[in-house]
Amino acid sequence: VYVVKYSVLKLGELRFKIIDEKNINGKKYFRAVCYIDSYPSIPFVDLHQIYETKMNENYYSSYFKGIVKGDKFNTFTEYYFYYDENKIQVLKGNLDNGEIWTDTSGVVNKEYQDGLSLFYFARMNIGNNNTVILPCMVNEKEAKTKINFYSDRRKISIDAVDYPVETFYLDGSTDFISIFGLTGKFEGWFTNDDAAIPVKAKMKVIIGNIEVELKKWKREGWNPPRYN
């Protein structure tokens with residue numbers, strides 16, 4: 001669970017969860033979900049969204065679903081990636097009554113990231129000293145995310161623990177508006193251990209610059225590693 005801060009204001013929370021891991025036709029897949037909720041006490045902000053990804057063993061997306069909860073009804077967007085057929089299918093509609101507004105398909109010739117799988121790709125590659133440019137499918141358009149990974153240890157403090165945390169650092173940029181309203185430059189600090197848990201991020205979003213910080217977790221036997 002992460003708290004989202006804008007200056008001195010706490011805007012809301014992000015909750016990430018791994019749903020399952022499966023082997024399908026000899027290939028490994030992971031499913032994860034993220035819940036985004038603004039706090040009721042924040043005026044003029046009422047944001048409630050759910051994002052789900054299904055990733056292959058290389059942490060590229062094979063399925064994506066985004067749900068946006070609105071005042072009148074809830075909408076959904078789904079991407080189905082059929083890489084063996086060089087095909088993507090896009091569905092959009094009203095989640096409450098099942099009405100489909102868009103059902104279209106297109107040609108793809110590479111694997112893509114969605115807005116949530118990017119988060120897990122970064123976790124699994126943290127600590128490498130290199131730069132990657134990742135193709136992304138966002139808002140039914142191809143875009144790119146650049147991530148610079150660094151191999152030196154970094155010390156960072158968070159409110160959830162009373163000691164400095166040992167992390168690896170990354171930074172990068174996007175050329176699109178992603179989930180969370182992410183656009184432009186971002187920075188992230190991930191724990192230097194097998195879990196590679198992100199503990200803090202700084203991002204440019206539509207409203208300005210925000211910070212995202214680890215607040216609590218349910219991972220048995222795990223605590224952020226101490227920086228020595």
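User: Which residues do ring pairs link into a cluster?

Analyst: This is a predicted model. In it, ring pairs link Y51, F64, Y79, F81, Y83 and Y112 into a cluster. The structure holds 16 aromatic pairs.

User: Why is the pair of Y51 and F64 called stacked?

Analyst: Look at two values. A pair of rings is described by the distance of the centres and the angle of the planes. For Y51 and F64, the centres are 5.9 Å apart, and the cut-off for a pair is 6.5 Å. The planes are 20 degrees apart.

User: What does the pair of Y51 and F64 tie together?

Analyst: Y51 lies in strand β4, residues 48-56, and F64 in strand β5, residues 61-69. The pair therefore ties together parts that are 13 residues apart in sequence.

User: How do you know whether Y51 and F64 are buried or exposed?

Analyst: Buried means under 20% relative accessible area. Y51 has 9%, so Y51 counts as buried. F64 has 8%, so F64 is buried too.

User: What makes W217 and W222 an edge-to-face pair?

Analyst: Their centres are 5.3 Å apart, with 80 degrees between the planes. Edge-to-face needs over 60 degrees, so that label applies. As for cover, W217 is partly exposed at 27% relative accessible area. W222 counts as buried at 10%.

User: How do you know that K54 lies over the face of Y29?

Analyst: K54 is 4.9 Å from the ring centre of Y29. The distance limit is 6 Å, so K54 meets it. The charged end of R154 sits over the ring of Y150, 5.7 Å from its centre.

User: How many disulfides does a search of the whole structure find?

Analyst: It finds 0.

User: What makes L9 partly exposed?

Analyst: The label covers values between 20% and 50%. L9 has 44%, so L9 is partly exposed. L9 is found in strand β2, residues 9-24. With Y6 and V8, L9 forms a nonpolar patch on the surface, with about 310 Å² of accessible area together.

Definitions and conventions
Residues are numbered from 1 along each chain as its sequence is written. This is a predicted model: local features need pLDDT of at least 70, side-chain atom pairs count only at pLDDT 80 or more; totals for chains, interfaces and linings use all residues. Side-chain values use heavy atoms; hydrogens and water are left out. Patches are made of residues with over 30% relative accessible area and no salt bridge: like charges are joined within 9 Å, nonpolar side chains (Val, Leu, Ile, Met, Phe, Trp, Tyr) within 5 Å. Accessible areas come from the Shrake-Rupley method with a 1.4 Å probe; for residues, only the protein chains shown count as cover. A salt bridge is a side-chain nitrogen of Lys or Arg within 4 Å of a carboxyl oxygen of Asp or Glu. Helices (H or I, at least four residues) and strands (E, at least two) are DSSP runs, numbered from the N terminus. Buried means under 20% relative accessible area, exposed over 50%, partly exposed in between (1.4 Å probe, protein chains only). Rings of Phe, Tyr and Trp (its six-membered ring) pair if their centres lie within 6.5 Å; planes under 30 degrees apart count as stacked, over 60 as edge-to-face and the rest as tilted. A charge sits over a ring if NZ of Lys or CZ of Arg is within 6 Å of the ring centre and within 35 degrees of the ring normal. A disulfide is a pair of cysteine sulfur atoms within 2.5 Å.
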